[in-house]
Amino acid sequence: MDNTTKRSLSKVPEVTAIFWIIKVAATTLGETGGDTVSMSMNLGYLVGTAIFAAIFLVAVAGQIRAKGFHPFLYWTTIIATTTVGTTLADFADRSLGIGYAGGASLLFTLLLASLFIWYRSLGTVSVDSISSPKAEMYYWMTIMFSQTLGTALGDWTADTAGLGYGGSAVVFVVLLALVAAAYYWTNISSTMLFWAAFILTRPLGAVVGDFLDKPLSHGGLALSRYSATVALLVFMLTCILFFKQRAAEKAH
């Protein structure tokens with residue numbers, strides 16, 4: 001591969017069906033993994049957030065230092081955002097007492113602000129443009145807010161709105177189907193639709209993760225958080241190993 005080709009590639013994966021499959025698995029893993037540390041290990045939300053935030057910072061630093069797209073490094077960073085998003089949202093919603101609606105509203109505002117600042121700074125928020133350290137910083141900051149928002153939004157629909165885990169999952173699947181339909185049959189910006197889908201997959205993963213490990217009395221399956229986390233991790237590793245992912249091509 002010559003230098004011209006290298007420069008034409010982003011440092012994030014091409015958006016394909018396998019990307020979304022792994023993304024949903026990663027968001028579900030983030031919920032079960034975050035709950036494992038904060039609840040099953042009894043470390044609490046604050047300590048859990050500190051642990052996963054440290055992992056996230058190390059992973060992002062590795063991403064920025066990398067010369068190209070590396071699937072295992074990329075998805076490790078995604079998992080770090082989902083786990084820290086889980087514990088951080090739970091800490092804000094429950095320990096700080098601002099509630100699911102308050103937490104979701106605050107995080108949605110931060111997410112929009114992140115996208116706005118990114119766009120004003122670089123002129124695009126397209127994932128095809130992720131090839132410079134500055135773009136990567138905006139990208140991962142936006143993802144962090146979206147993952148944390150997803151946890152709060154999933155909890156809000158399942159608990160406060162009274163939809164339960166199954167009802168909430170149906171709502172987010174329908175919304176994702178509408179986004180997919182808009183991608184194929186409308187002229188709505190593909191970048192806008194990507195971020196809409198990226199955000200919506202997080203609460204879907206959150207409610208599925210809660211459905212797997214919450215007690216039967218709370219509408220869950222009461223599975224072990226440890227076993228659910230390991231099973232999801234093995235599934236992700238299998239997908240990464242057997243389905244080759246390519247770096248997204250930069251828009252010119």
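Glu31 and Arg202 pair up in a salt bridge, with 3.6 Å between the closest N and O atoms; the term here stands for a side-chain nitrogen of Lys or Arg within 4 Å of a carboxyl oxygen of Asp or Glu. Glu31 sits in helix 2 and Arg202 in helix 8 (residues 190-213), so the contact ties together parts that are 171 residues apart in sequence. Helices in this account are DSSP runs of H or I with at least four residues, strands are runs of E with at least two, and both are numbered from the N terminus. Both Glu31 and Arg202 are buried, a label that means under 20% relative accessible area, while exposed means over 50% and partly exposed covers what lies in between (1.4 Å probe, protein chains only).

The model is a predicted one, so local features need pLDDT of at least 70 and side-chain atom pairs count only at pLDDT 80 or more, whereas totals for chains, interfaces and linings use all residues. Residues are numbered from 1 along each chain as its sequence is written, and side-chain values use heavy atoms, with hydrogens and water left out.

Searching the whole structure turns up 3 salt bridges. Another of them joins the side chains of Lys11 and Glu136, at 2.9 Å from N to O. This one also links distant parts of the chain, with Lys11 in strand 1 (residues 9-13) and Glu136 in helix 6 (residues 133-160), 125 residues apart. Lys11 counts as buried at 6% relative accessibility, and Glu136 is buried too, at 0%.

Then there is Glu14 with Arg246, whose closest N and O atoms are 3.0 Å apart. Here the partners come from loops: Glu14 from the one between strand 1 and helix 2 (17-40), Arg246 from the one between helix 9 (225-242) and strand 2 (247-249), with 232 residues separating the pair. Glu14 is partly exposed, with a relative accessible area of 28%, and Arg246 is exposed, at 54%.

Helix 3 (residues 44-65) supplies the largest share of the patch, 3 residues. Ile55 belongs to helix 3 and is partly exposed, with a relative accessible area of 40%.
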